Amino acid sequence: MRQPEPLNAVDELRLFLDFAVPLCGADIAYKLRQWGHSREQATNWLRGEAERAGGSLGENGDVIQFSDGRPRSGRAQNRVVRTASELARGVAAAALLAQLEGKRGVEAFGGFYGVTAGPADTARVRDMEDGAVDDASRGSCPVRKPAA
């Protein structure tokens with residue numbers, strides 16, 4: 001029996017994001033609840049996280065996209081791990097930011113990350129003033145929309 005061909009870099013990235021973005025989203029939502037940020041503070045913090053991820057991807061994205069499949073160690077491995085981690089946190093932050101702005105989520109690398117429930121959840125986030133961060137993050141961390 002033949003071994004299956006390894007996934008290409010884009011498919012591996014999608015698989016990683018499908019796993020990592022919901023975890024990062026839950027972590028970010030938990031931290032925002034603990035910090036007790038106002039809506040404006042949370043929005044600014046989430047925007048900063050998303051921008052930081054974009055900068056990291058722009059600076060180091062080649063290590064994710066152009067992998068030759070050889071095992072890495074040391075600084076090269078740390079660069080890949082750090083870039084992928086910052087990317088997942090940035091997508092999760094962008095999805096939570098979109099929810100605070102009344103949208104359902106974001107699309108990144110061919111996948112949708114955000115609230116997959118009905119429009120009632122989105123309306124709940126949009127109508128709130130006090131405790132907006134708490135309710136926006138409770139039970140609605142970014143999740144990957146299942147493929148049909």
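Author: A residue is called buried at under 20% relative accessible area, exposed at over 50%, and partly exposed in between, as judged with a 1.4 Å probe and the protein chains only. The model is predicted: local features need pLDDT of at least 70, side-chain atom pairs count only at pLDDT 80 or more, and totals for chains, interfaces and linings use all residues. Residues are numbered from 1 along each chain as its sequence is written, and side-chain values use heavy atoms, with hydrogens and water left out.

The chain has five helices and three strands, which are DSSP runs numbered from the N terminus (helices: H or I, at least four residues; strands: E, at least two). Their order along the sequence is α-α-α-β-β-α-α-β. Of the 148 residues, 36% count as buried.

The structure holds one aromatic pair. Rings of Phe, Tyr and Trp (its six-membered ring) pair if their centres lie within 6.5 Å; planes under 30 degrees apart count as stacked, over 60 as edge-to-face and the rest as tilted. Here the partners are Trp35 and Trp45, in an edge-to-face arrangement with 5.2 Å from centre to centre and 80° between the planes. Because Trp35 belongs to helix H1 (residues 9–35) and Trp45 to helix H2 (residues 39–65), the pair ties together parts that are 10 residues apart in sequence.
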